[in-house]
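Work through the exercises below with the sequence and the model open. Each task is followed by its solution.

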Amino acid sequence: MGRDGGEAVVAGGAGDEIGEILIDDADFPWLSGRFTPGPGFGAVRDLFARELALAQGEKERWAEWETVCGEIGRRVALSSPDGPVPEFLLHIDGDRAWFRWSDEPFADEEADGDADGEHGRRDGQGEAGAGSGNPPVR
């Protein structure tokens, strides 16, 4: 999957597919596309809704946002045609999904000088870590 298009599959625990993202936009470091829910999405739908609400909310709720992101990371795996993506931040809102990925664990935001509480907003302001180059494909 290059930065100009392709697919990524989001898989959940116990082999239930959460859904599929058809990439249609690349605005480094974010990739975004049309999200088609799979049979496992119902089990994590509320988790993604909570994450997005916290990401767009007050910075005082950053610790809560991090907890929800951690739960998503435990329950969801992001894969591309080349294999699993080692580290990612994924937002799902209706039929749209956007994510960034990294081959390395995301850096602490304060260490990166990004302590403004802007967590992965679609407008590109603030974010923990970043992927580099193109995401892996399988």
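The model is predicted, with local features requiring pLDDT of at least 70, side-chain atom pairs counted only at pLDDT 80 or more, and totals for chains, interfaces and linings using all residues. Residues are numbered from 1 along each chain as its sequence is written, and side-chain values use heavy atoms, leaving out hydrogens and water.

**Exercise 1.** Describe the setting of strand β6 and its pairing.

Step 1. Strand β6 covers residues 87-93; strands are DSSP runs of E with at least two residues, numbered from the N terminus. Five of its seven residues are buried, so β6 is largely enclosed by the rest of the structure. Buried means under 20% relative accessible area, exposed over 50%, and partly exposed in between (1.4 Å probe, protein chains only).

Step 2. β6 runs antiparallel to β7 (residues 96-102), and seven bridges join them; pairing requires at least two DSSP bridges between two strands. Glutamate 87 has serine 102 of β7 as its bridge partner.

Step 3. Two residues separate the strands of this hairpin, and glycine 94 has a positive phi near 65°.

**Exercise 2.** Locate threonine 36 and list its contacts.

Step 1. Threonine 36 belongs to strand β3 (residues 30-37). With a relative accessible area of 46%, threonine 36 is partly exposed.

Step 2. Beyond neighbours within four places in sequence, threonine 36 contacts Gly19 and Glu20, contact meaning heavy atoms within 4.5 Å. Its C-alpha atom is 8.7 Å from that of isoleucine 18, 18 residues away along the chain.

**Exercise 3.** Which peptide bond is cis?

Step 1. The bond joining phenylalanine 28 and proline 29 is cis, with omega about 10°. Most peptide bonds are trans.

Step 2. Proline 29 sits in the loop between β2 (17-27) and β3.

Notes
Helix = DSSP H or I, 4+ residues; strand = E, 2+ residues; numbered from the N terminus.
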